[in-house]
Amino acid sequence: MRQKKRFIAGASCPKCKELDVMMLFKEHDVEKVECVKCGYVMTQPEEAVQASTRQFEQVIGVFKPE
Ligand SMILES: [Zn+2]
């Protein structure tokens, strides 16, 4: 089984309030966010988490030198 997991930069856990512990992964086509510190799992990421994920994807995304 292949599981893609990646950390969400700048996201904090809503439960233990730790920063940079949130890991995004897909399970049965549902995006989940899990805290690696306390194990808290969100099946529907909050707007803030989604926003920082998008930001993160832009950072690691395609670089287009102009
Ligand atoms: Zn946590």
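Me: Is E18 buried or exposed, or partly exposed?
Reply: E18 is partly exposed, at 31% relative accessible area. Buried means under 20%, exposed over 50%, partly exposed in between, with a 1.4 Å probe and protein chains only. This is a predicted model: local features need pLDDT of at least 70, side-chain atom pairs count only at pLDDT 80 or more, and totals for chains, interfaces and linings use all residues. Residues are numbered from 1 along each chain as its sequence is written, and side-chain values use heavy atoms, without hydrogens and water.

Me: What does E18 form a salt bridge with?
Reply: K37, with the closest N and O atoms 3.8 Å apart. The cut-off is a side-chain nitrogen of Lys or Arg within 4 Å of a carboxyl oxygen of Asp or Glu. K37 is exposed, at 54%.

Me: How many salt bridges in the whole structure?
Reply: The search finds 2. K32 and E27 also meet in one, at 2.8 Å from N to O. K32 is buried at 17%, whereas E27 is partly exposed at 29%.

Me: New topic. Which residues coordinate the zinc ion?
Reply: C13, C16, C35 and C38, each through SG, at 2.3 Å. Donors are N, O and S atoms within 2.8 Å of the metal (3.2 Å for Na, K and Ca); water is not among the atoms, so sites may look incomplete.

Me: What spacing do the donors follow?
Reply: Along the chain, C-x2-C-x18-C-x2-C.

Me: C35: buried or exposed?
Reply: C35 is buried, with 1% relative accessible area. C38 is partly exposed, with 34%.
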